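I am opening a notebook page on this chain. The entries below record what I looked up and in what order.

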Amino acid sequence: MFTSAGCSGLYKAPLSKSLLLVPSALSILLTLLFQHYRKFFMYNLQAVKEDFQIWRLVCGRTVCLDLKDAFCSSLLIYNFRIFERRYGSRKFSSFLLGSWMLSALFDLLLVEVVQYVFGITISSLPSGFLGPLFALFVPFYCSIPRVQVTQILGHLSITNKTLVYILGLQLLTSGSYIWIVALSGLISGICYNSSVLKVHRVICIPSWVAKIFSWTLEPIFSTAEPSSEIRVGMGATVDIQRQQRMELLDRQIMLSQFAQMRRQRQQQGGMINWNRLFRPLRHRRNANYQDILQSEQDAPPPTEVSEEQVARLMEMGFSRGDALEALRASNNDLNVATNFLLQH
């Protein structure tokens, strides 16, 4: 379920938490208790075009009336919370707002195209916060590194992104005309991410609005920082359990070394020695760290990192110096460097 090893829970993702809880709760209430109010949350395009019921765009494109769609949407929001951690709540909410507005426009255009080309009249589309969710697949595909987890039958690769794509496919096949919502969402995500169109400069959340929401809603949906003492989940085999414990130990070692480096940096100044922090992660399967220290002293200097990887980390908000040091320390592993920079 996790898109990144450094993302656990909903810490530093209050907007994702609100989108996970509020629409899901409304979907359950409308299904079980308030069924006579469901008609107000239908995404009725005919009522929007003919009766100018613009409010249906808000109600019909926020809450899922199908519990299966609500469940898949919640799982996707949970996985996409990494973007709120990377870019901050304001930039993340600006993307959601922009993609929501653009996908509403593309919904209307695609329905007209289908009616003109195929003669099919579509009066309503699946309800829910689906357009922005499909739009998030664009930055997910472009900016999240692909890391192979395992292989099936020796040829089919399973990566850290496979489950998210399966959830998207499940959501895509849940209704007759949901492909229109999916297509409009993908187009809106491409448009908002485009550096040529510069939509993100036009549609964004003002800073004063972001401050108001941070003062009012963030305390409600904020999540406490996860403790480093959380018990490791038990794997299916002894090897998996051993690997999980080693990973937890590595994280604890890195955190303690990072705290020591911060104290030294405050006293002496200068950059943090990232190579010392990443050493346990790169050599987690070797129990003798003293041999590793000796071998690294005799090793040649690290290879140069690519400017593309540095640019990706800088786009996430990290400085160029930290990006260079993290990539060199992680042997040019963008995923490992990103995870560590996100945690610190």
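How many residues has helix H10, and how far does H10 reach from its first C-alpha to its last? I find 16 residues (178-193) and a reach of 22 Å, close to the 22 Å expected at 1.5 Å a residue. The expected span is 1.5 Å times one less than the number of residues; helices are DSSP runs of H or I with at least four residues, strands runs of E with at least two, numbered from the N terminus.

I note that this is a predicted model, in which local features need pLDDT of at least 70 and side-chain atom pairs pLDDT 80 or more, while totals for chains, interfaces and linings use all residues. Residues are numbered from 1 along each chain as its sequence is written, and side-chain values use heavy atoms, without hydrogens and water.

Next I looked up burial in H10 (buried: under 20% relative accessible area, 1.4 Å probe, protein chains only). Among the buried residues are Ile-178, Val-181, Gly-185 and Tyr-192. Their cover includes H6 (89-118), strand E2 (124-125) and H9 (162-172).

Then I turned to the nonpolar cores, sets of buried Ala, Val, Leu, Ile, Met, Phe, Trp, Tyr and Cys joined through side-chain atoms within 4.5 Å. The largest has 48 residues, with Leu-76, Phe-80, Phe-83, Leu-125 and Leu-136 having the most contacts inside it. H6 gives the most to this core, nine residues. Another core, of 12 residues, lies apart from it and includes Val-310 and Phe-318.

Last, I checked the UniProt record, an unreviewed entry, which places "transmembrane region" at 163-187, among other ranges. Over 163-187 I read 80% helix and 0% strand, with end C-alpha atoms 22 Å apart.

Key: Buried < 20%, exposed > 50% of the residue type's maximum accessible area, 1.4 Å probe, protein only. Contact = heavy atoms within 4.5 Å. UniProt positions renumbered as here; feature names shortened; annotations may be inferred.
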